[in-house]
Amino acid sequence: MANAISPLSSSCSSSRLPVVRSPPWRAQGGRCVQYRNLGRASPRMMASSVDEVDVKKISDGKATVEKVVEKAEFQTGAWNWRGYPIRYQFAGDSGPALVLIHGFGANSDHWRKNIPYLAKTHRVFAIDLIGYGYSGKPNPRDVGVDTFYTFDTWASQINDFCTDVVKEQAFFICNSIGGVVGLQAAIADPKLCRGLVVLNISLRMLHIKKQPWIARPFIRSFQNLLRDTVLGKFFFNSVARPESVKNILTQCYHDPSKVTDELVQSILQPGLEPGAAEVFLEFICYSGGPLPEELFPQVKCPVLVAWGEKDPWEPIELGRAYGDFDTVEDFVVLPNVGHCPQDEAPELVNPLVESFVKRHQKLP
């Protein structure tokens, strides 16, 4: 059973991290391809300059700010998974491995404020789930299965990634639907996951099991209408615009100043690639699969649940129930933070991940 704690009860740091942009990349024949194998001029992604970082230390109730110099650097790789190109970003030469798993509509750039910090003492990998970011976006109608973009698919992707690329057990650090993906992956192959940190995991309130039975046939009919007619494409086109993306992000971020043009573009641009509309419609019509409350009891590794208390999409009042599972060791409240704590408040999330991994990095 979890202990409800606040990260402000212990020392933490806040940082203004450098901006790192993703260069072009491509996949080729081998299973795992990095820039040095692609003949690119430079294998590295670097911040454009050395950045001064404000670091706030909280001790004995007094806050002090000091200046430090930090240089951010991480690389982008391409991995061929089942014939589909998968983008991932990575940094760090030593320490426990971390796999960062993004949420719906996002990609590995959503961890840009976490990778440099965590890479100081960890091997960090942030992956674009298939269908998102700059990974492949196969049309589900062409794959030959009824539903392709499912938690089973993504869990298999994560576990194969750990086997092929990470090449060791890893801690899964997850946000939103990425939390469901991480839980599913940890259950499917327990030997690959050393522990999970889930940030504002999706409650899956639109799951068919959570709808009144009398409404279920109408819900399925509406989903089919979206997926199979021009109405769905019209809906997607109304969402896939800078002003719409900014409005959506402003809803789920508690601090609107954190919704920058850079953030908007990092979410929007991959969503304009061919196939993105079909992926979007397929997932919003996916109301089956597992619920978090069904997965938590099955996990064999330690789990920490953290929740931005100002999340309007996944209310903390409902999320607190997850702290009652025996597999969840802590439920951490993140004050004045919305649905994406890793991006809105990295100064809270990064030390939280660091301390959790430190507690569990030694194998039993």
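A disulfide is a pair of cysteine sulfur atoms within 2.5 Å. The model shown in these views is predicted, with local features requiring pLDDT of at least 70 and side-chain atom pairs counted only at pLDDT 80 or more, while totals for chains, interfaces and linings use all residues. Residues are numbered from 1 along each chain as its sequence is written, and side-chain values use heavy atoms, with hydrogens and water left out.

**View A. Cysteines in a structure that holds 0 disulfides.** The closest cysteine sulfur to that of Cys174 belongs to Cys193 and lies 7.7 Å away, too far for a bond. For Cys252, the closest cysteine sulfur is in Cys340 at 4.4 Å, which is also too far for a bond. Cys174 is buried, at 0% relative accessibility; buried means under 20% relative accessible area, exposed over 50%, and partly exposed in between (1.4 Å probe, protein chains only). Cys252 is likewise buried, with a relative accessible area of 2%.

**View B. The largest nonpolar core, with 51 residues.** A nonpolar core is a set of buried Ala, Val, Leu, Ile, Met, Phe, Trp, Tyr and Cys residues joined through side-chain atoms within 4.5 Å. The residues with the most contacts inside this core are Val99, Trp154, Ile158, Phe161, Phe172, Leu196 and Phe296. Helix 3 (residues 151-166) supplies the largest share, 8 residues; helices (H or I, at least four residues) and strands (E, at least two) are DSSP runs, numbered from the N terminus. A second, separate core of 27 residues includes Tyr117, Val124, Leu304 and Val353. In soluble globular proteins, nonpolar side chains tend to be buried together.

View C. Ser176 is buried, at 7% relative accessibility. Its side chain is joined to that of His339 by a polar contact of 2.9 Å. A polar contact is a pair of N or O atoms within 3.5 Å; within protein, one must be able to donate a hydrogen and the other to accept it, and residues adjacent in sequence count only if both atoms are side-chain atoms. Beyond neighbours within four places in sequence, the residues in contact (heavy atoms within 4.5 Å) with Ser176 include Gly103, Leu199, Asn200 and His339.

**View D. Lys246 in helix 7 (residues 242-252).** Lys246 is partly exposed, at 36% relative accessibility. Apart from neighbours within four places in sequence, Lys246 is in contact with Val259, Asp261 and Val264. Lys246 and Val264 are 18 residues apart in sequence, with a C-alpha to C-alpha distance of 5.9 Å.
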